[in-house]
Amino acid sequence: MPEDTPQDTASKQRWLPLTSPPTSPVALPMRPALAELPALPLNQRPQPTASKTLPAEVPVVGANQPLTPPSTPPKPENIRASASADGIEAILSINVNLGAKPFGMPELKADQASKREALGPDTAPKPYTGEYQLREELGRGAWSTVYRAVENVEPLKQLTNLPPTPPTSPTAGATSSSKKVLAVKKPSSRQAHKILEKEAKILTYIHSHANASTYLVPFHGFDSAQHSIMFDAVPLSLETHAKAATRRPLSTKTMFDPVVGAEEWAGLAESLIDGLAFLHSVGCVHGDIKPANILLRPGSSRALTPLYCDFSSSHTISSTGEEQEVEEVSAVTTEYLSPELLEALSPRNTDRAVATYASDVFALGVTLLFAAIGDSPYAGARMASQKLGMAKEGLPFEFARRGEQASRVMKGRAVEKALKGALAREAVKRAAVAKWRDEIREPLKSWEEGGWARGG
């Protein structure tokens, strides 16, 4: 027999069943029986796993239940974005001090002033305590993502007189409670938590006035656990509506009217100017007026009611006009900024970009110009730098008349007359919103009397 025979025998012995007695000192120790294992504590036992055949359930989001936000790369702090006109949202650092009382600032009434002074940095926003389920994404901004949600969702109830159905089958005869559709504005990063909380405070103050829901998207409160703001869901924006209107057939009867129609444009203009007058009367500067931040709510008739939204760039001004510090950064769109703000944002300029009542008026003027032609007045630019240069000149009418919809904004017609005072290049020559509201009535009245189809 070969010399290595004992080694093979020892090797084979190590592979005997564990229940057999060890035949060698180097054999592996015996495995204890299951009955000898100590019982695990309750808090360390694994949770039972649901069967894969059960239907999936969407969890209900409570006011105090944490929810993982969508994964979005965080934005760096303290960075001023370049004023690119191609970008829908340009992030601007606005760490500013409000100095003298801004030009055209309306006087606050006593009750309004007291409400404004009560809105301090430590004031808690209106709380939202309901429950809701998030649905699909509606849109994204510089600091947030907006989702559609359903409020007060209850589980389906099975009727008692029906036999139970298998878990994989839908429950027959189920009923559910009424569902209210909401829009939930959630922060896209941790840096946005303070911005949305500040916006909720401003909305709490504005909605303390009786007429707020006439001009703003109704606000339901702030979910502090999710750092989210709750609104009514209004899915149609002025931007989408006006762009879609450009696809309507053009005729000699409508070529001088706004793309949305003369009568509709006049109603939008009057409602939006009234809404801006309301905001300024309570001491609020919106700061980011543009077609995407105006939502259209269908009324009882075919008319659409415009509502302001997105107050993340807003701030309030004290009744005395004393210096206040605006600490939060904000997001605006360069194509709707006034020339003085664009100049302040230049890299070599040391001035601070502060949104004012006058810049709000200019932004609304360009927004209504967008509603008249269905596009930006600077849409003819071939490059972003060229578009930015056009916007800095502060002559949106001149560039709009070089585009395909030039006939809708011709000199001497109603659109030009209605927006001329708001689109003055210099802020001191720009009409205050109260004066603008009075001036716009005359061209719109003559437009209506002369027939909407004539274009004024």
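Predicted model: local features only at pLDDT ≥ 70, side-chain atom pairs only at ≥ 80, totals over all residues.
Residues are numbered from 1 along each chain as its sequence is written, and side-chain values use heavy atoms, with hydrogens and water left out.

Where is histidine 286 found? Look in the loop between β8 (284-285) and β9; helices (H or I, at least four residues) and strands (E, at least two) are DSSP runs, numbered from the N terminus. Histidine 286 has a relative accessible area of 0%, so it counts as buried (under 20%; exposed is over 50%, and partly exposed is in between, with a 1.4 Å probe and protein chains only). A polar atom of its side chain lies 3.5 Å from the backbone nitrogen of isoleucine 289. The side chain of histidine 286 also reaches the backbone oxygen of aspartate 310, at 3.2 Å. Leaving aside neighbours within four places in sequence, histidine 286 is in contact (heavy atoms within 4.5 Å) with residues including Leu279, Tyr308, Asp310 and Asp360.

Aspartate 310 is buried, at 18% relative accessible area.

Histidine 227 also has a positive phi, near 55 degrees, and is not glycine either. You can find histidine 227 in the loop between β6 (219-223) and β7 (228-232). Is this residue buried or partly exposed? With a relative accessibility of 25%, histidine 227 counts as partly exposed.

## The buried side of α5

Which residues of helix α5 (residues 238-245) are buried? They are Leu238, His241, Ala242 and Ala245. These four lie on the same side of α5, because they cover an arc of only 95 degrees around the axis (the arc is that of the directions from the helix axis to the C-beta atoms). An α-helix has 3.6 residues a turn, so residues three or four places apart point the same way. Among the elements covering the buried residues of α5 are α6 (262-281) and α8 (357-373).

Key: Polar contact = N/O pair within 3.5 Å; in protein donor to acceptor, adjacent residues only side chain to side chain.
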